[in-house]
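Hi there,

Here is the structure I promised to pass on. Please have a look, and then read on for my notes.

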Amino acid sequence: LRRSMREFSCMKILHEKSPCCRAPIVRFGGRRRRCQKCRHTWRTWPHRRGRKRIRGSPEILHRTLKDQRPITRQHRNDGLSVPARQYRFRKLLERFAIHRRLTEIPGGSHALLIDGLWFRLRGVRCVLYIMALKPLNDCHAYFLEPVLLQGRESAAQWRIAITTISPEIRERIKAVVSDGIRGIKKVAIEYGWILQRCHFHLIADLSAHRGKWKLKRYRDRMLRESIYQTTRNALTVPAGQQLQNDIVCLKGFTASWDCPRQLRTLTKDFLRNLDAFRAYQIHSKLNLPTTTGTLEAMNKIIRKIVRPINNQNALLRWARATIRANSPLVCNKKNQPN
């Protein structure tokens, strides 16, 4: 068998034809061949033109994207100037953002976490749509590719961003966790997902109208504090008589003539979407997170890294590389990153 294979390989080399005229080939030195018809010569293994490519170290990406250390502050004994080091890092970043594969997402059902990060680049308002998948039986969030779209954040733009998710993964999504995006309830109904509203955004909005200095300044300070405490209690109390009492109290507070307009609007929105805020208790088997704190942590990292960037292509490239370098992040119902 080995002898027949050797004879076949020798015969294949001997009977090889020239690529130009399909004529017999003869040796023309050690590594060159020549066509017997047109006398054209060529090298069997031609050298690559230009200088050798300088491969960047992955440690540079780790220090820049994960440790958040700028290129100008990374002292290295390579004898390169700062512009040369930045140029090499830019080439390394392009290869990392284009050719590297995504982190493998575990199988099973997932909860989709969404949040938008807005920028103004050269006078144009853009929103970076960030999405992450949290397996129902896992405490980590696996980030997807970000989508950069011009204009304000809206439900129509979120429909475009969600279509970038592969249909195979989209079918395994059971719920979506988001802040108070206008129209996100209709999007969840279209896909048949359970909507979980973020508790942190609601509490932050209520607290903005209930600070200590406002409690000392306004005459309705007791009403403000009562709305705040009752709403926080209604978010966490189990379903029962206590929840019904809190709902009745909140309705009475909003009907009061001295209730501030902003607090009345927030409270009515909370009562209108009470099932969305308490979806983590209604569907307790899904282990839904109650906040988008994981996305807020990633947004903070992206904001710090892309701060000097003023170009859409560069922003998307840096954001994609930053997400890939820092994914996954911890996403637990009881312990969210700040």
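Below are my notes on the helices and on a few backbone details.

Please keep in mind that this is a predicted model.

Let me start with helix 3, residues 82-99. Its 18 residues reach 26 Å from the first C-alpha to the last, close to the 26 Å expected at 1.5 Å a residue. Which of its residues are buried? They are Arg85, Phe89, Leu92, Leu93, Phe96 and Ala97. Viewed down the axis of helix 3, these buried residues fall within an arc of 130°, so they line one face of the helix. That buried set packs against helix 2 (58-66) and helix 15 (312-326), while the face turned away from it carries the exposed residues Pro83, Ile98 and His99.

Next comes a helix pair. The axes of helix 4 (residues 155-162) and helix 6 (residues 184-191) come within 9 Å and cross at roughly 40°, and the crossing is right-handed. From helix 4, Ala155, Arg159 and Ile162 meet Lys186, Val187, Glu190 and Tyr191 of helix 6. The residues of this contact comprise 4 nonpolar, no polar and 3 charged.

Finally, some loop details for your backbone checks:

- Gln68, in the loop between helix 2 and helix 3, is not a glycine, yet has a positive phi of about 60°. Its relative accessibility is 24%, so Gln68 counts as partly exposed.
- Asn287, in the loop between helix 13 (279-282) and helix 14 (293-305), also has a positive phi, near 55°. Asn287 is partly exposed, at 31% relative accessible area.
- The peptide bond from Ser327 to Pro328 is cis, with omega near 0°. Pro328 sits in the loop between helix 15 and strand 10 (329-330).

Best wishes

Definitions and conventions: Residues numbered from 1 in each chain as written. Predicted model: local features only at pLDDT ≥ 70, side-chain atom pairs only at ≥ 80, totals over all residues. Heavy atoms only, no water. Axes fitted to C-alpha atoms, helices over the stretch in contact; angles between N-to-C directions. Helix = DSSP H or I, 4+ residues; strand = E, 2+ residues; numbered from the N terminus. Left-handed = near helix turned anticlockwise from the far one by under 90°. Contact = heavy atoms within 4.5 Å. Nonpolar A, V, L, I, M, F, W, Y, C, P; charged D, E, K, R; others polar. Expected span 1.5 Å × (residues − 1). Buried < 20%, exposed > 50% of the residue type's maximum accessible area, 1.4 Å probe, protein only. Arc of directions from axis to C-beta.
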